[in-house]
Amino acid sequence: MRTVAVLGGGIAGLSSAFFLSRMSLPSVSKIVVIEGSNRLGGWIQTQHLEDGTVLEGGPRSFRSGGKAEATTLELVDMLGLKDEIVTVSKEKMRRRLFINGKLKEFPQEFDKWNLTKSVLKGIFKDRWILSPMEDESVQSFLSKRFGSNPEIMAFADSMFRGIFASSIADISYKFSLFGKSGCSSLIQLQHQMKQTREELKKHDCELVRRAAEEAWQIWNLRRGTGQLVEGLADALLKDPRVEIKMDTPCQSMELDSTSATLQSRDSEIVKADHVVSTVLSKNLASMLPAKHEELCDFLSRIPTVSVVVVNMVYERDLEEVPQGFGHLLPTSEDPPILGVVYDSRVFPDLGPINTTRLTVMMGGAWMKELEDRVGSLNDESLIKLAKEVLHQQLNIDASPVYTKVYYQMDCIPQHRVGHNQILQCIYSYIGEHKLPLTLAGCSYREIGVTGIIQDSFHQALSVQQNMEGENL
């Protein structure tokens, strides 16, 4: 009988192990999840205060609307958590930009006629004049179509800072919604999205159908995003084939075409017939032996950025905070400040009534500028800056009754221009050397939680096909 090792106990590792445990793998007798820290969940870090307040130090909701998102809803259904879902009304999804020193709702408070003209012109150019390049930055892709409209570019810049914590000048368009869709034009993408929505309304899973019919944009669980981690861990621990090893940092891995031996600093962790690595690519590179130097080089070429997250809780409902999801800032406004999430407006049920919860996001690709501004990255200096940001952008003078700073180091891999070529090199090497290694997690194809979960499902299918195919 055979063993599969899953490296990493974040959402990618747990979902990969769960999907593997539910698949037909008669030759597999053991699935071992290896986590270096003393907790599961990775960048998902949910905190519960005594008064029932739910705070998030990482991802704070789950997206809905596409096929990738449907996989997460199916997972929630399988875990028996569908009654724990908290949905968000359209009113609460209003998005704003802090631009030119003012808070403006997009697109309502922008020049709609100018926006409409620019969008129609961009769609025309995209359909009949331009064709996608092999690879280019999001900025290059958009500026060729909408470059004459600074408001569209500012919105796109702000959105990508909120997602990748980086500049649209660096991120490859191939890892944008359009690039991943496989569509040849924006019109085709719009048609594809409409068709997907209709297909999801006929999905086998009732929860997916409900989300499509009610047009959910985002949702959460009553105990926060960490409840999904808890559900996965509980389900895995009930499976006799699954073992979860925590506080077990993997220091090295002997890897050849037949097996892998994972080692801690002073002992063997497990010998596996196949490894699913969900840790950062550069961390995997540090574990591999010198004979795979070429693979290590490719894995090390995927950079990351770090983000500081500051949670602020106030003991009353601050009228200064408008209805909506939050606001983001374009690079031109204040580079180290990425945005503010109005947590208590989006999910009022995740905390006591008449309180306010806000989250200030900082750093990313501008971490050096953040360090220069505060002098030293510590709780005191960052909370002080967060208060200044909220005063400047929302006119908040009240003092928070609770604050929490999260230092999410190396949390977002950067899928920059050329990333697709790096992936091709990585997979070519693995294939040529017939290594029993599958790659999942945020370094490779997806960085959002729902995308990572769907990718974990696809990678688990790949493991099933490879391992069971060998037995034929």
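Guide: Gladly, starting with a hairpin: β11 and β12 form one, with four residues between them. This is a predicted model, in which local features need pLDDT of at least 70 and side-chain atom pairs count only at pLDDT 80 or more, while totals for chains, interfaces and linings use all residues. Residues are numbered from 1 along each chain as its sequence is written, and side-chain values use heavy atoms, leaving out hydrogens and water.

Visitor: What makes β11 and β12 strands, and how do you know that they pair?

Guide: Strands are DSSP runs of E with at least two residues, and helices are runs of H or I with at least four, all numbered from the N terminus. Two strands pair if DSSP finds at least two bridges between them. β11 (residues 252–255) and β12 (residues 260–263) have four bridges, in the antiparallel sense, so they meet that definition. Within the pair, S252 stands opposite Q263 in β12.

Visitor: Which residues of β11 are on the covered face, and which on the uncovered one?

Guide: M253 and L255 make up the covered face, S252 and E254 the uncovered one. In a regular strand the side chains alternate between the two faces of the sheet.

Visitor: Why is S158 called buried?

Guide: Buried means under 20% relative accessible area, exposed over 50%, and partly exposed in between, with a 1.4 Å probe and protein chains only. S158 has 0% relative accessibility, so it counts as buried. This residue lies in helix α5. Leaving aside neighbours within four places in sequence, S158 is in contact (heavy atoms within 4.5 Å) with L97, L328, L329 and P330.

Visitor: What puts the buried residues of α4 on the same side of the helix?

Guide: The buried residues of α4 (residues 138–146) are V138, F141, L142, R145 and F146. They cover an arc of only 95 degrees around the axis, and that puts them on the same side of α4; the arc is that of the directions from the helix axis to the C-beta atoms. These buried residues pack against α3 (112–128), α5 (150–164), α6 (177–181) and α7 (186–200).

Visitor: Why is β17 described as largely enclosed?

Guide: Five of the five residues of β17 are buried, so the rest of the structure largely encloses this strand. Three bridges join β16 to β17 in antiparallel fashion, with L328 opposite G339 in β17. Four bridges join β17 to β18, also running antiparallel, and there I337 stands opposite M362 in β18.

Visitor: Why do β5 and β6 stand at the edges of their sheet?

Guide: That open sheet has three strands in the order β5-β9-β6, with antiparallel pairing. β5 (62–63) and β6 (85–87) each have a single partner strand, so one side of each is left without a neighbour in the sheet. Three bridges join β6 to β9 (residues 218–221), and I85 stands opposite L221 in β9. Helix α2 (residues 67–78) packs on this sheet, touching β5, β6 and β9.

Visitor: What makes a space a cavity, and how many of 30 Å³ or more are there?

Guide: On a 1 Å grid over the protein atoms alone, a cavity is a set of points where a 1.4 Å probe fits but cannot get out; lining residues have an atom within 4 Å of a point. Grid points are joined across faces, edges and corners, and a volume is the space filled by probe spheres set on the points. The structure holds one cavity of 30 Å³ or more. The largest cavity has a volume of about 120 Å³, and its lining has 14 residues, with E56, R60, D343, F347 and R357 nearest the centre. β4 gives the largest share of that lining, three residues.

Terms used: Axes fitted to C-alpha atoms, helices over the stretch in contact; angles between N-to-C directions. 1 Å grid on protein atoms, 1.4 Å probe; cavity = no way out; pocket = protein on both sides within 12 Å on 5 of 7 lines; lining within 4 Å.
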